[in-house]
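Have the sequence and the model at hand as you read.

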Amino acid sequence: MSEPVVAAVDVLAALPYAAYLGLEWFADDVLRLPFRGDLVGNYRIGALHGGVVAAALECAARGLLLEQGASAATTVDFTVDYLRPALSRDLYLRATAVRIGRAVATVRVEAWQADAARPVAAGHGNFQLIAE
């Protein structure tokens with residue numbers, strides 16, 4: 001992985017929960033959630049809490065919209081598919097815009113850990129774009 005992009009770092013500053021989680025953008029449009037012990041939800045297997053994974057997915061989607069020029073975006077709906085446990089290691093996320101209209105945008109996000117071909121979760125959301 002490469003160093004975070006400076007402009008993308010500014011986008012994350014607009015998302016306070018992303019800062020709380022410690023999310024970082026990388027040059028190849030990949031967001032990283034560094035593993036922290038306080039993010040674990042299942043201590044028996046050391047898995048990240050499902051809410052943390054869902055929040056990271058949604059932050060990645062909203063970050064993509066801000067990075068692509070939306071002044072603000074509010075979540076209309078967001079669904080998460082948990083595909084396998086997110087274990088005690090860094091989580092990587094990639095958001096893809098399905099469609100960005102004048103008022104609504106649709107975004108998909110995938111999260112993985114060791115292998116991008118084996119995602120741990122996927123999210124799909126619709127966002128209302130707020131005009132300034």
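A residue is called buried when its relative accessible area is under 20%, exposed when that area is over 50%, and partly exposed in between, using a 1.4 Å probe and protein chains only. The model here is predicted, so local features need pLDDT of at least 70 and side-chain atom pairs count only at pLDDT 80 or more, while totals for chains, interfaces and linings use all residues. Residues are numbered from 1 along each chain as its sequence is written, and side-chain values use heavy atoms, with hydrogens and water left out.

Our guide is arginine 32, which sits in strand E2, residues 31–33. Helices (H or I, at least four residues) and strands (E, at least two) are DSSP runs numbered from the N terminus. Is arginine 32 buried or exposed? Arginine 32 counts as buried because its relative accessibility is 18%.

What does this side chain pair with? Side chains of opposite charge can pair when their charged atoms come close. A salt bridge is a side-chain nitrogen of Lys or Arg within 4 Å of a carboxyl oxygen of Asp or Glu, and by this rule the count comes to three. Arginine 32 meets glutamate 24 in one of them, at 2.7 Å from N to O. Glutamate 24 is partly exposed because its relative accessibility is 27%.

Aspartate 90 forms a salt bridge with arginine 32 too, the closest N and O atoms being 2.5 Å apart. This pair links distant parts of the chain, 58 residues apart: aspartate 90 lies in the loop between strand E5 (73–82) and strand E6 (91–100), and arginine 32 lies in strand E2. At 21% relative accessibility, aspartate 90 counts as partly exposed. Through shared partners, salt bridges join Glu24, Arg32 and Asp90 into one network.

Another salt bridge brings together the side chains of arginine 36 and aspartate 38, at 2.9 Å from N to O. With a relative accessible area of 26%, arginine 36 is partly exposed.

Now for the nonpolar side of the story. A nonpolar core is a set of buried Ala, Val, Leu, Ile, Met, Phe, Trp, Tyr and Cys residues joined through side-chain atoms within 4.5 Å. The largest such core has 37 residues, and Leu23, Leu33, Leu91 and Leu93 touch the most other members. Among the elements that give two or more residues to this core are E2, E5 and E6, while H3 gives the most, with eleven residues.
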